[in-house]
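Please read this briefing with the sequence and the model side by side. The points are grouped by topic.

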Amino acid sequence: MKNFLSPSLQLLQLLLAVAKEGQFQIQMSKDEGMLPGQGQNERAFLELLGEGKTNSSEKRWGGMVVAGITGGAALALSVICLPFVSPALRRICLPYVPATTSQVDNVLKALGGRSGRIVDLGSGDGRIVLSAAQAGFSPAEGVELNPWLVLYSKIQAFKNGLTTQTAFHRKDLWKFSLKPYPNIVIFGVEEMMEELELKLKKEVEDGTHIVACRFPLPSLKPVATIGSGLDTVWLYKHKLN
Ligand SMILES: C[S@@+](CC[C@H](N)C(=O)[O-])C[C@H]1O[C@@H](n2cnc3c(N)ncnc32)[C@H](O)[C@@H]1O
């Protein structure tokens, strides 16, 4: 009996041990939020899918998206701003400073009674060109290096129904021929006026009317001075003085 009971007891002991071990495993799986049997295989499978790394890789992607948007915005801003700051890097710095309303009025007064072709050298947002077109000059043209200002001028011309009477050239005024123009306007800076006077003398036809805003030409004698202070304009008639 003892011999019979002994293996049975041993078997019972073994079964109890197995059951205990199983209970322990179930407890561990519950602790990890998994079903029994989802142990290592489940973890390896999730890792294969990248689930185990979801948080860190999502953060990495988010960081890359933010960096991309920030970098793109900075690049776009630089592209827009560069044409406005680049005049400062040129030999003669001619920055964008728009003419005042009374300055524009003085230009038109100086050219009163004239018509035909006109050019504004460094035309900015096109306000002098558009006002000249409205006053009857045709074609009224602008030369401007800044592509955004050229685009803006063209949009303004379109909005005001002046597209056919106007033209805006994205060009360097120093390389632009002044010969075809009987009317020329310049709102420049003092440092450029001597060099501009030489260019005018070389290129323009007799009888050309030149209007200088804010800074006069250094040697030519004006036939009229209109306005005062910062809005003063000087009218010159080539070869008539
Ligand atoms: C003082 S603003 C005059 C703007 C416009 N004429 C007005 O009266 O409102 C001078 C303009 O010349 C442009 N400019 C500067 N250097 C230039 C160049 N080399 N050729 C053509 N335009 C230039 C600038 O971008 C600026 O818009």
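## Arginine 114 and its surroundings

Arginine 114 counts as partly exposed because it has 15 C-beta neighbours inside 10 Å. In the terms used here, a residue is buried if 20 or more other C-beta atoms lie within 10 Å of its own, exposed if 12 or fewer, and partly exposed in between, with C-beta atoms placed from the backbone. The model is predicted: local features need pLDDT of at least 70, side-chain atom pairs count only at pLDDT 80 or more, and totals for chains, interfaces and linings use all residues. Residues are numbered from 1 along each chain as its sequence is written.

- Arginine 114 sits in the loop between α4 and β1; helices (H or I, at least four residues) and strands (E, at least two) are DSSP runs, numbered from the N terminus.
- Neighbours within four places in sequence aside, arginine 114 is in contact with Asn183 and His209; contact means that the C-beta atoms of two residues, placed from the backbone, lie within 7 Å.
- The C-alpha atoms of arginine 114 and phenylalanine 137 are separated by 7.8 Å, and the two residues are 23 residues apart along the chain.

**Overall make-up**

- The protein chain has seven helices and seven strands, and along the sequence they follow the pattern α-α-α-α-β-α-β-α-β-β-α-β-β-β.
- Of the 241 residues in the protein chain, 25% are buried.
- Among contacts between residues at least 6 apart in sequence, 62% join residues at least 24 apart.
- An unreviewed UniProt entry annotates residues 61-85 as "transmembrane region"; UniProt positions are given in the numbering used here, feature names are shortened, and annotations may be inferred rather than shown by experiment.
- In the model, residues 61-85 are 100% helix and 0% strand, with end C-alpha atoms 35 Å apart.

**Strand β5 and its partners**

- All five residues of β5 (residues 209-213) are buried: His209, Val211 and Cys213 on one side, and Ile210 and Ala212 on the other.
- Strand β4 (residues 183-187) and β5 run parallel and are joined by five bridges; strands pair if DSSP finds at least two bridges between them.
- Asparagine 183 stands opposite histidine 209 in β5.
- Between β4 and β5 the chain passes through helix α7 (residues 193-203), and this β-α-β crossover is right-handed; that is, with the strands pointing away from the viewer, the path from the first strand over the helix to the second runs clockwise.
- Strand β7 (residues 233-237) pairs with β5 in the antiparallel sense over five bridges, and leucine 235 in β7 is the bridge partner of valine 211.

**Strands β2 and β3**

- β2 and β3 pair in the parallel sense over four bridges, with alanine 140 opposite threonine 166 in β3.
- The chain crosses from β2 through α6 to β3, and this β-α-β crossover is right-handed.

**Helix α5**

- Six of the eight residues of α5 (residues 127-134) are buried, namely Arg127, Ile128, Val129, Leu130, Ala132 and Ala133.
- The elements that cover these buried residues include α4 (101-110), β1 (118-121), β2 (140-143), α6 (147-159), β3 (166-169) and β4.
- Glycine 136 follows α5 and has a positive phi, near 110°.
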